[in-house]
Amino acid sequence: MIRVRSKNVLLVAPDTFSVELLPNNKKFRHISATSHIFPSIHEQKPNVVIFDYDHLNTDLEKILRRLQSNTAYSKIKICCYKQKEHTKEDSLLKVLGVDHIFYPEDFKKTEKGNFISNALSGIFELPGMGLLAKASN
């Protein structure tokens, strides 16, 4: 599950995209054709664009270079979803302007991380913790 806190999100992926997205965005658009990327950006004015690396493998570098070279796209956060890590490809994507790279393993870690953070927040919300905080000051 991809959690993106943004008002406008543009997803460029095949029609059978396997990752579940949260519908908490005000405007969400899913396209699969590379020819519709820039018209959709001009029409929707998204805050975040998510690319499926495997779907756009051959065209992704050209698209990222075009996004980086035009100052009109400078406020758009760019994310990329990949099936597996590859250090050379990932570093090239970072240089070309990708802000975040998602992997399938990240979604499993997110679920575990939420459980741990919920457990820790439950521990620290005990009634005695307020007294300990006051005593330390």
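Residue I78 is located in strand β4, where strands (E, at least two residues) and helices (H or I, at least four) are DSSP runs numbered from the N terminus. The model is a predicted one, in which local features need pLDDT of at least 70 and side-chain atom pairs count only at pLDDT 80 or more, while totals for chains, interfaces and linings use all residues. Residues are numbered from 1 along each chain as its sequence is written, and side-chain values use heavy atoms, with hydrogens and water left out.

With a relative accessibility of 6%, I78 counts as buried; the classes are buried under 20% relative accessible area, exposed over 50% and partly exposed in between, for a 1.4 Å probe and protein chains only. Apart from neighbours within four places in sequence, I78 is in contact (heavy atoms within 4.5 Å) with V49, F51, L64, L67, G97, V98, D99 and H100. The C-alpha atoms of I78 and N47 lie 8.7 Å apart, with a separation of 31 residues in sequence.

The largest nonpolar core comprises 23 residues, and F51, L64 and L67 have the most contacts inside it. Such a core is a set of buried Ala, Val, Leu, Ile, Met, Phe, Trp, Tyr and Cys residues joined through side-chain atoms within 4.5 Å. Two or more residues of this core come from each of β1 (8-12), α1, β3 (48-52), α2 and β4 (77-81). The most is given by α2, with four residues. A second, separate core has eight residues, among them V9, L11, V48 and C79.

Salt bridges were assigned where a side-chain nitrogen of Lys or Arg lies within 4 Å of a carboxyl oxygen of Asp or Glu. This rule gives a count of five. One of them joins the side chains of R29 and E43 at 3.1 Å, N to O. Because R29 belongs to strand β2 (residues 27-31) and E43 to helix α1 (residues 37-44), this pair ties together parts that are 14 residues apart in sequence. R29 is partly exposed at 29% relative accessibility, and E43 is exposed at 61%.

In the salt bridge between E61 and R65, the closest N and O atoms are 2.9 Å apart. These two residues are four apart in helix α2 (residues 60-69), and therefore about one helical turn separates them. E61 is partly exposed, with 36% relative accessible area, and R65 is likewise partly exposed, at 45%. The side chains of D59 and K62 also form a salt bridge, with an N to O distance of 3.7 Å. Here D59 is partly exposed at 25% and K62 exposed at 58%. A network of salt bridges links K82, E89 and D90.

The largest pocket has a volume of about 170 Å³. A pocket is an open set of points on a 1 Å grid over the protein atoms alone where a 1.4 Å probe fits, with protein on both sides within 12 Å along at least five of seven lines; lining residues have an atom within 4 Å of a point. Points are joined across faces, edges and corners, and the volume is the space filled by probe spheres set on them. The lining consists of I41, H42, K45, P46, N47, A72, Y73, K75 and I76. By class, five of these residues are nonpolar, two polar and two charged, with Ala, Val, Leu, Ile, Met, Phe, Trp, Tyr, Cys and Pro counted as nonpolar, Asp, Glu, Lys and Arg as charged, and the others, Gly among them, as polar.
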